[in-house]
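Subject: Structure handover

Hi,

Here's the structure I said I'd pass on to you. Have a look at it first, and then read my notes below with the model open beside you.

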Amino acid sequence: MRLTTHTDYGLRVLISLAVIERLTTIEELANRHGISRNHLMKVVQALVGFGVVKGIRGRRGGIALALPPEDIRIGRVVRMLEADMDLVACLGSQPAGCVFIGSCRLTRAFRGAIEAFFAELDRLTLADLVVDPSSIQNRLELAS
(Lines give C-alpha, C1' and ligand atoms only; values in the text may rest on other atoms or scores of the structure.)
Protein backbone atom coordinates (compact mmCIF):
# COMPACT_ATOMS: atom_id res chain seq x y z
CA MET A 1 0.00 0.00 0.00
CA ARG A 2 1.21 3.46 -0.81
CA LEU A 3 -0.42 6.81 -0.14
CA THR A 4 -0.58 9.28 -2.98
CA THR A 5 1.70 12.28 -3.32
CA HIS A 6 -1.43 14.39 -2.82
CA THR A 7 -1.87 12.96 0.68
CA ASP A 8 1.86 13.18 1.45
CA TYR A 9 1.88 16.87 0.54
CA GLY A 10 -1.34 17.46 2.47
CA LEU A 11 0.19 16.06 5.64
CA ARG A 12 3.37 18.10 5.09
CA VAL A 13 1.28 21.27 4.70
CA LEU A 14 -0.57 20.60 7.95
CA ILE A 15 2.62 19.85 9.88
CA SER A 16 4.23 23.00 8.50
CA LEU A 17 1.25 25.20 9.34
CA ALA A 18 1.17 23.77 12.87
CA VAL A 19 4.72 24.97 13.58
CA ILE A 20 4.87 28.16 11.51
CA GLU A 21 2.07 29.67 13.63
CA ARG A 22 1.46 32.62 11.29
CA LEU A 23 -0.06 33.18 7.90
CA THR A 24 2.13 31.74 5.21
CA THR A 25 1.85 31.43 1.46
CA ILE A 26 1.71 28.45 -0.83
CA GLU A 27 4.79 29.88 -2.52
CA GLU A 28 6.73 29.84 0.76
CA LEU A 29 5.69 26.26 1.54
CA ALA A 30 6.55 25.11 -1.97
CA ASN A 31 10.02 26.64 -1.63
CA ARG A 32 10.61 25.25 1.86
CA HIS A 33 9.62 21.74 0.75
CA GLY A 34 11.13 21.90 -2.73
CA ILE A 35 7.88 20.86 -4.37
CA SER A 36 5.71 22.14 -7.20
CA ARG A 37 3.71 25.27 -6.37
CA ASN A 38 0.93 24.18 -8.75
CA HIS A 39 0.60 20.75 -7.14
CA LEU A 40 0.67 22.29 -3.68
CA MET A 41 -2.05 24.73 -4.67
CA LYS A 42 -4.38 21.81 -5.50
CA VAL A 43 -3.57 20.15 -2.20
CA VAL A 44 -4.24 23.33 -0.23
CA GLN A 45 -7.52 23.88 -2.09
CA ALA A 46 -8.60 20.40 -0.99
CA LEU A 47 -7.59 21.09 2.63
CA VAL A 48 -9.51 24.38 2.56
CA GLY A 49 -12.53 22.57 1.14
CA PHE A 50 -12.35 20.01 3.96
CA GLY A 51 -12.23 22.82 6.53
CA VAL A 52 -8.83 22.06 8.07
CA VAL A 53 -7.02 24.99 6.43
CA LYS A 54 -8.27 28.53 5.93
CA GLY A 55 -7.23 30.81 3.13
CA ILE A 56 -7.17 34.57 3.51
CA ARG A 57 -7.17 36.62 0.33
CA GLY A 58 -5.42 39.88 -0.28
CA ARG A 59 -1.97 41.36 -0.17
CA ARG A 60 -1.45 40.33 3.44
CA GLY A 61 -3.27 37.03 2.96
CA GLY A 62 -2.09 33.49 3.12
CA ILE A 63 -3.04 30.18 4.65
CA ALA A 64 -3.24 28.88 8.21
CA LEU A 65 -4.82 26.05 10.13
CA ALA A 66 -8.58 26.43 10.45
CA LEU A 67 -8.67 24.25 13.57
CA PRO A 68 -6.37 23.76 16.53
CA PRO A 69 -3.82 20.97 15.87
CA GLU A 70 -5.35 18.83 18.63
CA ASP A 71 -8.68 18.84 16.74
CA ILE A 72 -7.23 17.55 13.45
CA ARG A 73 -7.28 13.73 13.32
CA ILE A 74 -4.72 12.26 10.93
CA GLY A 75 -6.96 9.33 9.97
CA ARG A 76 -9.70 11.75 8.92
CA VAL A 77 -7.26 13.79 6.83
CA VAL A 78 -5.93 10.69 5.05
CA ARG A 79 -9.48 9.47 4.36
CA MET A 80 -10.37 12.87 2.89
CA LEU A 81 -7.29 13.12 0.69
CA GLU A 82 -7.10 9.52 -0.53
CA ALA A 83 -9.54 8.85 -3.34
CA ASP A 84 -9.03 5.08 -3.41
CA MET A 85 -8.07 2.86 -0.48
CA ASP A 86 -9.05 -0.38 -2.21
CA LEU A 87 -5.92 -2.52 -2.08
CA VAL A 88 -7.28 -5.09 -4.52
CA ALA A 89 -10.23 -5.37 -6.92
CA CYS A 90 -12.36 -7.40 -4.51
CA LEU A 91 -12.47 -4.44 -2.11
CA GLY A 92 -13.61 -2.04 -4.79
CA SER A 93 -16.90 -1.16 -6.36
CA GLN A 94 -16.48 -3.79 -9.10
CA PRO A 95 -15.40 -7.00 -7.33
CA ALA A 96 -16.56 -9.16 -10.23
CA GLY A 97 -13.07 -8.81 -11.72
CA CYS A 98 -11.79 -11.52 -9.36
CA VAL A 99 -12.61 -15.19 -9.95
CA PHE A 100 -12.15 -15.97 -6.25
CA ILE A 101 -15.03 -13.77 -4.98
CA GLY A 102 -16.94 -15.69 -2.33
CA SER A 103 -14.35 -18.44 -1.89
CA CYS A 104 -11.27 -16.54 -0.72
CA ARG A 105 -10.56 -15.10 2.73
CA LEU A 106 -8.11 -12.52 1.44
CA THR A 107 -10.81 -9.86 1.09
CA ARG A 108 -11.57 -10.04 4.82
CA ALA A 109 -7.86 -9.94 5.68
CA PHE A 110 -7.26 -6.86 3.54
CA ARG A 111 -10.35 -5.14 4.93
CA GLY A 112 -9.10 -5.85 8.47
CA ALA A 113 -5.66 -4.51 7.62
CA ILE A 114 -7.11 -1.26 6.27
CA GLU A 115 -9.29 -0.90 9.38
CA ALA A 116 -6.22 -1.42 11.61
CA PHE A 117 -4.26 1.12 9.56
CA PHE A 118 -6.96 3.75 10.04
CA ALA A 119 -7.51 2.84 13.70
CA GLU A 120 -3.86 3.72 14.32
CA LEU A 121 -4.07 6.97 12.35
CA ASP A 122 -7.33 7.89 14.09
CA ARG A 123 -5.49 7.81 17.42
CA LEU A 124 -3.16 10.59 16.21
CA THR A 125 -3.84 14.28 16.02
CA LEU A 126 -1.76 16.90 14.27
CA ALA A 127 -0.62 18.02 17.73
CA ASP A 128 0.83 14.53 18.30
CA LEU A 129 2.94 14.92 15.16
CA VAL A 130 4.46 18.24 16.22
CA VAL A 131 5.36 17.61 19.86
CA ASP A 132 8.85 18.99 19.11
CA PRO A 133 8.09 22.08 17.00
CA SER A 134 11.65 23.42 17.15
CA SER A 135 12.99 20.34 15.36
CA ILE A 136 10.44 20.75 12.56
CA GLN A 137 11.05 24.51 12.43
CA ASN A 138 14.77 23.80 11.98
CA ARG A 139 14.00 21.41 9.11
CA LEU A 140 11.89 24.12 7.50
CA GLU A 141 14.74 26.58 8.08
CA LEU A 142 12.53 28.98 10.02
CA ALA A 143 14.23 31.66 12.06
CA SER A 144 13.66 31.05 15.75
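Let's begin with Glu-21, which is exposed, with a relative accessible area of 64% (exposed means over 50%, buried under 20% and partly exposed in between, using a 1.4 Å probe and protein chains only). You'll find Glu-21 in the loop between H1 and H2. Its phi is near 60°, a positive value in a residue other than glycine. Glu-141 also has a positive phi near 60° without being a glycine. Glu-141 sits in the segment after helix H7 (133-139) and counts as exposed at 67% relative accessibility.

Before going on, some housekeeping. This is a predicted model, so local features need pLDDT of at least 70 and side-chain atom pairs count only at pLDDT 80 or more, while totals for chains, interfaces and linings use all residues. Residues are numbered from 1 along each chain as its sequence is written, and side-chain values use heavy atoms, with hydrogens and water left out.

Now the overall picture. The protein chain has seven helices and two strands (these are DSSP runs, numbered from the N terminus: H or I of at least four residues for helices, E of at least two for strands). Along the sequence the pattern reads α-α-α-β-β-α-α-α-α. The C-alpha atoms fill a box of roughly 60 × 30 × 25 Å, taken along the principal axes. Of the 144 residues in the chain, 34% are buried. If you take contacts (heavy atoms within 4.5 Å) between residues at least 6 apart in sequence, 66% of them join residues at least 24 apart.

Next, have a look at helix H1 (residues 5-20) and helix H4 (residues 74-81). Their axes come within 9 Å and cross at roughly 140° (axes are lines fitted to C-alpha atoms, for helices over the stretch in contact, and angles run from 0 to 180 degrees between N-to-C directions). That makes H1 oblique to H4 (under 35 degrees is roughly parallel, over 145 roughly antiparallel, 65 to 115 roughly perpendicular, and the rest oblique). On the H1 side the contact is made by His-6, Thr-7, Gly-10, Leu-11 and Leu-14, and on the H4 side by Ile-74, Val-77, Val-78 and Leu-81. By class, that contact has six nonpolar residues, three polar and no charged (Ala, Val, Leu, Ile, Met, Phe, Trp, Tyr, Cys and Pro count as nonpolar, Asp, Glu, Lys and Arg as charged, and the others, Gly among them, as polar).

Which residues of H4 are buried? They are Ile-74, Gly-75, Val-77, Val-78 and Leu-81. Seen down the axis of H4, these buried residues fall within an arc of 160°, so they line one face of the helix (the arc is that of the directions from the helix axis to the C-beta atoms). Their cover includes H1, helix H3 (37-49), helix H5 (106-123) and helix H6 (126-129).

The other helix pair in my notes is helix H2 (residues 26-33) with H3. They pack at an angle of about 120°, with their axes 9 Å apart, and are therefore oblique to each other. This crossing is right-handed. Ile-26, Glu-27, Leu-29 and Ala-30 in H2 meet Arg-37, Leu-40, Met-41 and Val-44 in H3; the contact has six nonpolar residues, no polar and two charged. The buried residues of H2 are Ile-26, Glu-28, Leu-29 and Ala-30, and they pack against H1, H3 and strand S2 (62-65). Just after H2, Gly-34 takes a positive phi of about 65°.

Val-44, in helix H3, is buried with a relative accessible area of 4%. Leaving out residues up to four places away in sequence, Val-44 touches Val-13, Ile-26, Val-53 and Ile-63. Ile-56, in strand S1 (residues 53-56), counts as partly exposed at 38% relative accessibility.

Cheers

Key: Left-handed = near helix turned anticlockwise from the far one by under 90°.
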